[in-house]
Every structure is written in C-alpha cells, then in structure tokens.
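Biologist: I have the model open. Can you take me through some of its side-chain packing?

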Amino acid sequence: MNIIFNRIINLYKQYSLYVSVFIFFWAIFALTNSGVDSSEGLFHYEVAVQIIKHGQLGFATQPEGIFQIAPNGRFYAGHEIGNTLFMLPTAFVNVMLENVASRFVSLETIEKAQQFILSFQAGIYSSITATLFFALLKVGFNQTVRLSFIATILLALTTFFWTYSRNLFDGVICTTLLISSFFSLVRYRQTKNSVFIISCFLALGFAFITRVSMILGILAAFTYLLIYRKASIVNKLSEFILAGITLIPFIIWQLWYNFLRTGIFYKSPVQTSVYAGNNALDGNIFIGLSGLLLSPGKSIFIYAPLLLISIVLFRRFYRQYPKEGIYIAALTIIWFLLHARLRSWYGAVGWGPRHLITILPILFIPFAVNLDYIWQRFSLRITTICLAGFGFILGLSSIISNWHFRIMYAVEKNIADDQNFIWGWSHNQAIDMLHAGVDNIIRITTKAPIIVLQNTYSEANEYASSTINIWTNSFIHAGIPWFAVVILLIPLFVLIYLSVRHILHFSQQPNTLEERSSRAII
C-alpha cells in the first residue's frame with residue numbers, strides 16, 4: 001500500500017504544474033457553466049445511455065433529433081460515435097444515480113440532476129485542451145511557465161473557446177484530440193520516441209470517428225511526418241506504417257458503422273440527403289471564405305480577434321519553426337477550403353464560425369509563441385490589449401446570455417436571416433450578443449420583465465438567458481438558498497487560488513526545475 005501511495009505522490013510531483021493548469025481552467029469553466037446543454041451533444045449522450053442500459057447502439061423506435069432508420073429497421077444516430085464514447089463514464093454515473101435516487105425523488109428531479117452533471121463535460125474537454133496547449137508552448141516551443149500560462153488564458157477567455165467550454169458540440173472534443181495529436185508530433189520531433197507517433201494517431205483516430213472531416217487533421221499530420229526532418233526512405237516508411245497501423249481499427253470501425261446505418265460502407269449518414277441542408281459540398285466557396293474571414297456576424301476575427309496578430313507574426317513564427325509553420329498553414333488552408341464549400345459554411349445554429357473552433361488553438365500558436373516579442377513592442381502591446389479586451393467582452397456577453405436563445409429570439413423578431421444575422425452591421429450575431437449582455441445587466445438592476453419566447457424555452461431557461469446564464473443564478477431562481485449556493489462556490493474559488501499560487505510559484509523557480517518538469521512529460 002505504501003509503495004502505491006509513494007508512486008502516486010511521485011507522479012503528482014512530476015506533473016503537478018500541469019495538474020494545476022488543468023484545475024485552474026476546470027474551475028473557471030465550472031464557475032461560468034450554465035448548468036444545461038442545448039447542443040446536439042444531447043443526442044450523442046442518448047446513445048451513450050442506450051449503450052450503458054441495454055448494450056445497444058440502436059433504438060427500436062425513433063427518438064427525437066438526429067436519428068434515422070437503418071436497413072435493419074432500427075434507428076441510429078446520424079452523427080459519428082466518438083463524442084458518445086467519451087460520454088460513457090458520465091452516462092454510467094447518471095444511470096447509477098437514477099437507479100439509486102429513483103426510490104426517493106421524482107424522475108423529473110433526477111433528470112435535472114443528470115443534465116446538470118452532463119453540462120460539465122464540455123468544460124472537462126476544454127480544460128484538457130487548455131492544459132495541452134500550455135504544455136505545447138512550454139515543452140514544444142520552449143516558452144516560460146509565465147508566458148505559456150498567460151497565452152493559454154488569452155486563448156481560453158478572449159475567444160469563442162470560452163463559450164464552447166459549456167457546449168457538447170462534437171467539434172469541441174475534436175479540438176482536444178487535434179491539439180493532443182499536434183503535441184505528440186512535436187514531442188516526436190524532439191525525442192524520436194515512437195510512442196508519440198502512436199499517441200498522435202490514436203488521438204486522430206478517435207477524432208475521425210467523431211467527425212469525418214477530421215481526415216484533414218490526419219492529412220496534415222502525415223505532411224508533418226514527411227517534412228519534419230531529412231531521413232532515409234526506410235525510416236520515413238516505418239513512421240508512415242506505424243501511423244497507418246494505429247489508424248486501422250478506427251477505419252474498420254467507421255466502415256462497419258457506415259454500413260450498419262446506411263448500407264454503404266463508404267457513406268456516413270451525414271453525407272446523405274438528410275443532412276444536405278448543412279453538409280452538402282455545393283456551396284459558393286467564395287461566399288464561404290469571405291464569410292469566415294470578413295463577415296460582421298461570423299468572421300473568425302470577430303470571435304477570436306487575437307488571430308489578427310497571429311497572421312501578422314506568422315512570417316516570424318515560420319522563420320523560428322518552419323516545419324510547424326508548414327503544418328499550421330497546410331491545416332488552415334484545407335480546413336477553410338472544405339468548410340467554406342459547405343452549404344452552411346458558418347455551422348448552422350452556432351456561436352460564431354463553429355466549425356473553426358476545432359483548429360482555433362492551432363491558429364493561436366503563432367501569437368502565443370511570440371508573446372514576449374509582442375510585449376516588448378509598444379504598438380503590438382497596445383493592439384493586443386485592445387483586441388483581447390474586445391474578445392473578452394464579447395465572450396463574457398455570450399456567457400451572461402445564451403447564443404441559442406438569442407437566435408430563437410431573432411427568429412421571433414424576423415431578423416435571423418443571413419442578410420441581418422451574418423452580413424448585417426447592426427443586427428449581426430456579435431452585435432446582438434453585446435446588446436444582450438448589456439440588456440441582461442440592466443434587466444437585473446431594474447428588475448425588468450424577462451424575455452419570453454413562444455413555445456420554445458422553459459421559464460427557468462428564459463430567466464437565465466435574460467439575466468445571467470450561469471448555474472448559480474439558476475439555482476437561486478429555483479429556490480435554493482443563496483448561502484447553499486455560496487457553499488458550493490467556495491471550493492471552486494479555493495481551487496482557482498491554490499492552482500494559481502502553485503503555477504506562479506513554479507514560474508519563479510530556476511530554469512533547471514522547469515526543464516525537469518518538461519522532461520517529466522516525455
């Protein structure tokens with residue numbers, strides 16, 4: 001027993017910095033979580049519950065949502081399985097909760113508790129992503145603890161990354177898997193340890209069976225392996241073979257799962273006419289590109305403004321890290337081209353250009369790696385402060401309100417069309433959310449009536465979306481005493497304080513200790 005305990009202590013000492021980073025961001029995201037989720041991730045969770053309860057992927061009768069009939073007469077989710085797999089632990093906990101609590105409380109209360117537990121899953125994804133991003137900067141790009149931590153905070157709190165930390169859209173878990181794969185690629189370049197090739201393509205394999213479009217990440221990874229160093233054909237071939245072998249189980253699964261659902265092994269349901277309204281590759285690529293880059297309502301630079309500096313400094317980054325620069329450029333180009341070609345290039349009912357959330361941390365790297373350089377130049381420093389300030393205010397507004405609620409509200413007011421919500425200057429999604437944040441604060445202080453939508457939202461959801469859309473506010477509105485809510489909040493603030501203290505303490509240590517921590521993650 002003592003041996004096991006000592007090993008746990010030693011592991012914590014080796015990884016304590018990264019544990020503290022994870023805890024910090026998890027506590028931040030938990031603090032600003034809404035307590036509910038309204039994304040299509042709920043349908044993925046429904047499949048996870050079906051697996052836990054019945055050991056089956058399909059349903060005898062058609063549930064609501066993304067489910068459609070298969071050749072065998074059963075109903076299966078039209079989306080891929082990856083997000084569901086990562087929800088299995090949460091589904092197991094919630095099923096156990098239902099089995100135990102059903103003897104004492106109503107099913108309605110149990111369902112609310114289950115939804116509350118599930119709502120924190122996206123925050124876990126995002127916290128892992130932030131931790132991997134921090135580790136990539138520190139270990140892969142030789143940044144200090146302080147600079148790595150500041151850059152990660154800027155990624156997390158000045159972009160639409162923050163908003164998606166409470167949304168189970170499957171692109172969020174793909175963000176985690178993509179940054180994990182790139183971290184492994186960089187570590188392989190540094191160490192030549194084949195374990196990192198396996199971990200890279202394991203992450204990409206899971207990403208592929210989550211969203212088929214993640215094949216672009218696989219192509220970018222193979223490109224990196226091809227160019228990262230000069231080596232013999234034999235060595236290159238062995239790397240490619242190892243990567244390919246790692247992907248084989250995922251490819252076999254996807255082919256079988258496609259055949260089960262559509263009767264065609266190479267066609268996923270998302271490629272059928274059912275999803276053509278969003279996924280058909282017959283859109284105007286020039287409109288898509290201009291929208292993703294320049295539209296007032298969906299431009300990536302509105303929802304992640306610091307990427308403007310990433311572009312300005314990309315040439316400098318490329319001179320520092322040419323192979324990584326090629327990877328970032330290649331992935332960015334093919335990602336934009338594919339998604340600009342979609343009929344719904346902006347991602348249908350989403351916050352900002354939601355398809356781009358997956359590559360956001362990758363796009364952020366040129367800025368993050370040059371943070372020290374930025375801070376030494378007055379014009380860049382002032383520009384960074386202004387852009388970060390705007391990004392934080394927009395992100396905070398989206399936390400205060402509810403982007404899905406605002407879209408439904410815009411539909412009710414007949415201003416949700418593309419001309420207004422995407423291309424308009426006065427009624428686009430970003431401006432609407434800024435108005436919503438201000439209006440909600442005014443509504444709280446003046447006790448004005450909440451916004452009521454017809455036949456769409458519950459009163460509790462309307463209240464949260466019209467005031468402050470975080471779980472603590474909803475709890476108090478539901479009748480839970482304020483002091484009980486405070487008791488629940490105290491551990492989160494304690495975790496934030498302790499994790500920040502540990503990170504700052506670690507950043508003040510001699511470089512030898514930082515290097516030792518870096519080697520610990522090999």
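**Rings, charges and helices**

Biologist: Which ring does R381 lie over?
Modeller: R381 sits over the face of W375, 5.7 Å from the ring centre. The cut-off is NZ of Lys or CZ of Arg within 6 Å of the ring centre and within 35 degrees of the ring normal.

Biologist: And R316, which ring is that over?
Modeller: R316 lies over the face of Y373, at 3.8 Å from the ring centre.

Biologist: What should I know about the source?
Modeller: The model is predicted: local features need pLDDT of at least 70, side-chain atom pairs count only at pLDDT 80 or more, and totals for chains, interfaces and linings use all residues. Residues are numbered from 1 along each chain as its sequence is written, and side-chain values use heavy atoms, with hydrogens and water left out.

Biologist: How many aromatic pairs are there?
Modeller: The whole structure has 40. Rings of Phe, Tyr and Trp (its six-membered ring) pair if their centres lie within 6.5 Å; planes under 30 degrees apart are stacked, over 60 edge-to-face, the rest tilted.

Biologist: Why does the W162 and F392 pair count as stacked?
Modeller: Because the ring planes are at 20 degrees, with the centres 5.6 Å apart. The pair links distant parts of the chain, 230 residues apart: W162 is in the loop between α6 (145–157) and α7 (170–191), F392 in helix α19 (residues 378–400). Helices (H or I, at least four residues) are DSSP runs numbered from the N terminus.

Biologist: Is W162 buried or exposed?
Modeller: Buried, at 4% relative accessible area. F392 is partly exposed at 35%. Buried means under 20%, exposed over 50%, partly exposed in between (1.4 Å probe, protein chains only).

Biologist: What about F182 and Y224, how are they arranged?
Modeller: Edge-to-face, 6.3 Å centre to centre, with 85 degrees between the planes. F182 is in helix α7 and Y224 in helix α9 (residues 215–227), 42 residues apart. F182 is buried at 0%, and Y224 is buried at 1%.

Biologist: Which rings link with F160 into a cluster?
Modeller: Ring pairs join F160 with Y164, F169, Y303, W351 and W403.

Biologist: Back to α9. Which residues are buried there?
Modeller: L216, G217, I218, A220, A221, Y224 and L225. The buried residues of α9 pack against α7, α8 (195–208), α10 (233–262) and α16 (322–341).

Biologist: And α8, what covers its buried residues?
Modeller: The cover includes α7, α9 and α10. Among the buried residues of α8 are F196, F201 and F208. Contact means heavy atoms within 4.5 Å.

Biologist: New topic. How do α6 and α25 cross?
Modeller: The axes of α6 and helix α25 (residues 482–507) come within 8 Å and cross at roughly 140 degrees. Axes are lines fitted to C-alpha atoms, for helices over the stretch in contact, and angles run from 0 to 180 degrees between N-to-C directions.

Biologist: Which residues make that contact?
Modeller: V145, R146 and F149 of α6, with I503, F506 and S507 of α25.

Biologist: Last one. Where does N33 lie?
Modeller: In the loop between α1 (2–31) and α2 (41–54). N33 is buried, at 2% relative accessibility. Not counting residues up to four places away in sequence, N33 touches S119, F120, R166, N469, I470 and W471.

Technical notes. Helices (H or I, at least four residues) and strands (E, at least two) are DSSP runs, numbered from the N terminus.
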